[in-house]
Amino acid sequence: MRLSLKTKFTLATSLLVLAVVTVVSSLYLGRLMRQTLRQANDTASFVAQQVYGACGDALKDAAERGESPASLDPADLRQYVRHAFDNSSTLNSLIESDVGISPTIYEITITDANGTVLVSSDASLRDQKVARRLPVSSLVRAGFFQQLRELYGPPQTYEFSLAFQVGPQPFGDIRVGLSSALLRDQISPGLVSAGYWALGSVLLSTLLALLVSTIALAPIGRISKQLDRISA
């Protein structure tokens, strides 16, 4: 089927606008995604620092109450730290409030050096040994398309980890879990908005191209009709 000049002009204009809009939208979404992930990483870092300070205060309060570990045995030291954390209303309230306020934090957990949970916003994890998760920094450094695959693939949890110590020895980690589903919820409105803008731009450009081609090619159409009459 042979296309008319007007149809070719309209299609070429629409495809050109579609290509430009696609590039601009990809750049916008890439910037939005990097900004959202960096902000989530910074928030997790800030929360971990807050919890770290609250852990130190809990141990200080326990010492002021005259409490101390039964011995330097790791099991006794773990029991002492866990008891101090359990009795710290400040620490537990901070963990609950941070999880409730932040739109991307899924879980806050404090583990010992073996990865066994001492305190967690998820009560079911208590005394469970949890494996390391992918650091959120790896998602921040990933490319745009990899970030899309990770966030819009099966849900998973990334974490920001901050080590802490009791006395001179390393004791455990403060882990702030970030859900890919919650991160996706933060990015999706921008993705939908960019999609609407792209669709609207293509439709508008198509209508304008059709209008311009109709006006611009009208004289050629009249000349063609006159040639047909002369030929007849």
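Good morning. I begin with a turn: strands β1 and β2 form a hairpin with four residues between them, and Gly-115 in that turn has a positive phi of about 85 degrees. Please keep in mind that what we are looking at is a predicted model.

β1 covers residues 105-112, and β2 covers residues 117-120. The two strands run antiparallel and are joined by three bridges. One of the pairs is Thr-111 with Val-117 as its partner in β2.

Which other strand is joined to β1? That is β4, residues 169-179, which runs antiparallel to β1 and is joined to it by seven bridges. Ile-110 has Ile-174 as its bridge partner in β4, and Asp-112 has Gly-172. β1 is also mostly covered, with seven of its eight residues buried.

We now follow β4 to its other neighbour. β3, residues 157-166, pairs with β4 over ten bridges, again in the antiparallel sense. Among the residues involved is Gln-165, whose bridge partner in β4 is Pro-170. These two strands also make a hairpin, with two residues between them, and in this hairpin Gly-167 takes a positive phi near 75 degrees.

Let us look at α3 more carefully. This helix comprises residues 89-101, and its 13 residues reach 18 Å from the first C-alpha to the last, close to the 18 Å expected at 1.5 Å a residue. Which residues of α3 are buried? They are Leu-91, Leu-94, Ile-95 and Asp-98. Why do they lie on the same side of α3? They cover an arc of only 100 degrees around the axis, which puts them there together. The general rule is that an α-helix has 3.6 residues a turn, so residues three or four places apart point the same way. On the other side of α3, the exposed residues are Ser-89, Glu-96, Gly-100 and Ile-101.

Helix α5, residues 144-151, can be read in a similar manner. Its buried residues include Phe-144, Gln-147 and Leu-151. Their arc around the axis is only 60 degrees, which puts them on the same side of α5. The face turned away from that buried side carries Phe-145 and Arg-149, which are exposed.

Finally, I turn to the protein as a whole. It has seven helices and four strands, and from the N terminus on, the elements run α-α-α-β-β-α-α-β-β-α-α. Of its 232 residues, 36% count as buried. The protein exposes about 13900 Å², and carbon and sulfur atoms supply 61% of that area. Among contacts with a separation of 6 or more, residues 24 or more positions apart account for 66%. Thank you for your attention.

Technical notes: Residues numbered from 1 in each chain as written. Predicted model: local features only at pLDDT ≥ 70, side-chain atom pairs only at ≥ 80, totals over all residues. Heavy atoms only, no water. Buried < 20%, exposed > 50% of the residue type's maximum accessible area, 1.4 Å probe, protein only. Pairing = 2+ DSSP bridges. Expected span 1.5 Å × (residues − 1). Arc of directions from axis to C-beta. Contact = heavy atoms within 4.5 Å. Areas by Shrake-Rupley, 256 points an atom, 1.4 Å probe, with all protein chains shown as cover.
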